[in-house]
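Please look at the sequence and the model together before reading on.

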Amino acid sequence: MPTPHYLDPLTGGHYPITDARWCSDAGTPLMVSPLPGISRDDIDTRERSIWRYRAALPQDIAMPVSMGEGGTPMVERAWGGLRPHFKLEWFNPTCSFKDRGAAVMLSWLRQIGISAVAEDSSGNGGAAIAAFGAAAGMGVTIFAPAYTSTAKVAQIRAFGADVRLVEGPRENSQTEAIRASQDIFYASHNWQPFFLQGTKSIAYEMWEDFGFQAPDNIVIPAGAGSNVLGCAIGFAELLAAGQIRRLPRLFVAQPLNCSPVDASFQAGVDEAVPRDVLPTVAEGTAIKHPVRLREVLQAVRVSGGQTVAVPEADIVAAVKRLALSGLYAEPTSATAAAALEMLEARGAIQAGERTVVLLTGTGIKSTQFMTDLYSPMP
């Protein structure tokens, strides 16, 4: 297999993986070239974190920045006529799945000499970059929308990051971060390819937890789609390595009020199509223009999966229903649980199949929403 490198999926262009870059020369997002995957014998069983799968990374990382991320539990619950496994990603150090990507990306960037980074985030990504940046001894600047929940902003600031609140829609924060990239490295969880090398650990983890088998279905809340692509990359590697016989079906869940992936999927195209964007309680997925839209759509189609756009009332109902089963999930995560019911009604997911629903963040991250939801009526 060729030496791992950065690959421009649009043009096929290559760049050395040791380059300090976050995009192609044309300003388009990059991927890491396909990797061969690993077998169960390559797992470092001494590690109780995502670093047990470090042999699957494109390059050796000598001194990982780690706080025990990964190894999150799965709990089985009844949900309609199904019994899915809910994977509780809030057991990561900053209480969201984005710790996986932040750990690998910042470990790699520090290894190649990057000492300070910038990121744009509506909350969970910023918290992960801020925390792992602090652990790595790196300077961190986070550009966040002014509407970001105060609890998430407080968490980011607690890690010592410089938080710059940006007025206007979510994409304005990205614009400001890219402008700042002339002076500080843009370690974007949506752009820098090593972030996906961290999120792919969730695929290896499910494979190991299910006795080295793939689940049938994975339901994933998605904004930019880093979890969708992480699952796609990880399971593609396991298939290439002969460790699984088929890919799991990937189902993307988005709030109807901001659902660009669903809009394009339902239209049968790879480019963005018009759909109204409105405020949503699922703020973590409120991304109007995903930079990797084409790759996310291809991942869903290759897997045989589908997309779902969930009305706001259904998201809120799913938050309550999860809580009554002991699972305190933020609205963004609850979107996936609500989508599961819709997928069962479609016949896309059936009883007897092994289904995983990714709950990517905790309700503690949405303190004001949860307080309002559960405050007694006057």
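Over residues 65-361 the chain is 42% helix and 16% strand, with its end C-alpha atoms 21 Å apart; helices (H or I, at least four residues) and strands (E, at least two) are DSSP runs numbered from the N terminus. This is a predicted model, in which local features need pLDDT of at least 70, side-chain atom pairs count only at pLDDT 80 or more, and totals for chains, interfaces and linings use all residues. Residues are numbered from 1 along each chain as its sequence is written, and side-chain values use heavy atoms, leaving out hydrogens and water.

Helix H2 (residues 124-136) is largely enclosed by the rest of the structure, because 11 of its 13 residues are buried, where buried means under 20% relative accessible area with a 1.4 Å probe and protein chains only. Among the buried residues of H2 are Asn 124, Ile 129 and Phe 132. The table lists elements included in what covers the buried residues of H2, by contact, meaning heavy atoms within 4.5 Å.

| Element | Residues |
|---|---|
| helix H1 | 98-111 |
| strand E6 | 116-120 |
| strand E7 | 139-145 |
| helix H3 | 150-158 |

Just after H2, Gly 137 takes a positive phi of about 75°.

Terms used:
Buried < 20%, exposed > 50% of the residue type's maximum accessible area, 1.4 Å probe, protein only.
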